[in-house]
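Biologist: Please take a close look at the helix packing in this protein. I would like to know which residues form the contacts.

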Amino acid sequence: GADKSKWIVLMSVLSILALPLTLLEYFFTKERVTLENQGTEEAAIPFRAQLKAIFTDRYMLIIYAYCLIYTFGTSNKNLSLVYFCNYVLGTYNDGITQTLISVIGGIPMGIGIFAVWPLAKKFGKRNVTLVGFTLYAIGSAVCWLFPTNMVIMLVGQFIKNIGGLPCSYVFMALFADVLDHVEWRSGIRCDGIAMSVYNIIAVAMVGICTGIFNGMLSQSEYVAPSVVGGVTVAAEQSAAVKSAITFGFVGLEVITGIILHTIFNHMINHPVQELQVRMKHISEGNFERDSSIEWQHELGDIGRSINDLAEDVKTLMDQRIRDENEKREYEYKMLQSQINPHFLYNTLNSIKWMATIQNAPGIAEMTTALSRLLKNIAKGTEKSVPLSAELSLLDDYFTIQKYRYGGTISLEYRIDD
C-alpha cells in the first residue's frame with residue numbers, strides 16, 4: 001500500500017535477516033585452489049595491469065556491454081512490474097494479475113534447467129544466445145502491442161521468458177570463456193577484478209534505472225495512491241502514465257533485445273559464419289585469398305591463417321601437378337628409350353636371317369655379333385661382371401673389327417690362372 005511506516009518496517013526486517021547471511025557467506029567461502037597451483041606462489045599482478053587486460057579485450061567489452069544493456073532492460077521491467085499490473089493490465093492490488101505474470105515468468109526458468117544446456121551443447125552457446133535474443137524481442141513486442149489483453153500478454157511473456165533463458169543460464173559460461181581468452185591473450189588471470197566490474201555494472205544499473213523510471217513517471221504526471229480512512233486508494237492514471245509504464249515494462253526490452261541481437265550477430269556470429277563460408281569454398285576447390293575475412297581482431301587472425309593455409313594447399317597442389325607431369329614425361333621418355341633398342345634388335349635380326357637365306361655367312365655373323373654387343377651394353381652399368389661375359393663381349397667386338405679390316409687381324413687370349 002502507501003503506508004510508509006509499514007514499508008520501513010519490512011525493509012528493516014529484510015536487512016536484519018540479510019546481515020548474518022552475508023557474514024556467513026564471507027567467512028565460509030574459500031578460494032578454490034586447482035591442482036596445478038598447489039604448492040606454488042604466484043607473483044602479485046598490478047591492479048592497473050589487470051584493468052588493462054580486461055578493458056583492452058574485445059570480447060570482454062562485448063560481455064560488459066551485454067551485461068549493461070540486458071540489466072538496463074530487466075531492471076526497468078522489474079521496477080515497472082507492479083505499476084503495470086496495477087494500472088495497465090489489471091486493477092490496483094487485484095491479487096491475480098501480478099501472480100499470473102510472475103508464474104508465467106517462472107515456468108520457463110524451470111524448463112530451462114533441462115533444455116538450455118542440451119541445446120547449447122548441440123548448437124553452441126553463441127547460437128542459442130542469439131536465438132534467445134530474437135525470441136526475447138519478439139515476446140516483448142507482442143506484449144507491447146497488446147498491453148491490456150491478459151491472454152496475449154501471458155503468451156508474449158512466455159515467449160519472452162523462453163528467449164531470456166540463455167541470458168540466465170548461458171551468460172556466466174560465456175563470461176568464463178572470455179576470461180580464458182583474456183588469460184590466453186595477456187597471460188594474466190583476472191577473474192576477481194572482472195567479476196567486480198560485472199557486479200558494479202549490475203548494482204549501479206539498478207540505481208540508475210530507478211532514477212530513470214521515476215523520472216518517466218514524474219514527467220508523465222503520475223498520481224500516487226493515497227490513504228483515505230485507513231484504506232489505500234489508487235488514482236486513475238492518464239494515458240501518458242500508462243504509456244510510460246508499458247514502455248518501461250515491455251517496450252524497453254524490445255529495444256534492448258534488438259540491440260543485443262545486433263551486437264552479437266554483427267560482432268561475433270557474422271564473422272564466424274563468414275569463416276565457415278570461406279572454409280566451405282576451400283573444400284569446393286576455391287583457394288584464392290579472401291581479404292574480407294582478415295579483420296583487425298582475433299577472428300581476423302583466424303581468417304588470415306585460413307587464407308595462408310589455402311595458399312599453401314594451392315602451392316602444394318600445383319607442385320604435385322608439376323611433379324606428376326614431369327613423372328609422365330619421364331615415363332614417356334623411358335618408353336621411347338625401350339622402344340628404340342627393340343626396334344634396332346629386330347632390324348638386325350631381320351638382316352641376319354636375310355643374309356643367311358642369301359648364303360652370306362659373313363654378314364649374318366657380323367650382324368649377330370653387333371646385336372649381342374648392343375644387348376650387352378644396354379643391360380646396365382654393373383661394376384662387376386663375370387669374366388666369361390667380358391670375353392663374350394670382346395669376341396663380338398673382335399668379330400666386327402675382323403670383317404672391317406678384311407681378316408688381317410687376329411685375337412689371342414692370355415689369362416692367368
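**Helix packing in the predicted model**

Modeller: The protein has an average pLDDT of 81, and 89% of the residues score at least 70; pLDDT is the predictor's confidence in each residue, from 0 to 100. This is a predicted model, in which local features need pLDDT of at least 70 and side-chain atom pairs count only at pLDDT 80 or more, while totals for chains, interfaces and linings use all residues. Residues are numbered from 1 along each chain as its sequence is written, and side-chain values use heavy atoms, with hydrogens and water left out.

Confidence is highest in helix H9 (residues 191-219), at a mean of 90, and lowest in strand S2 (residues 231-233), at 65. Helices (H or I, at least four residues) and strands (E, at least two) are DSSP runs, numbered from the N terminus.

Helix H5 (residues 125-145) and helix H6 (residues 150-163) cross at roughly 165°, and their axes come within 7 Å. Axes are lines fitted to C-alpha atoms, for helices over the stretch in contact, and angles run from 0 to 180 degrees between N-to-C directions. The crossing angle therefore makes H5 roughly antiparallel to H6 (under 35 degrees counts as roughly parallel, over 145 as roughly antiparallel, 65 to 115 as roughly perpendicular and the rest as oblique). On the H5 side, the contact (heavy atoms within 4.5 Å) is made by residues including Phe-133, Leu-135 and Tyr-136, and on the H6 side by residues including Ile-152, Met-153 and Lys-160. The residues of this contact of H5 with H6 comprise nine nonpolar, six polar and one charged (Ala, Val, Leu, Ile, Met, Phe, Trp, Tyr, Cys and Pro count as nonpolar, Asp, Glu, Lys and Arg as charged, and the others, Gly among them, as polar).
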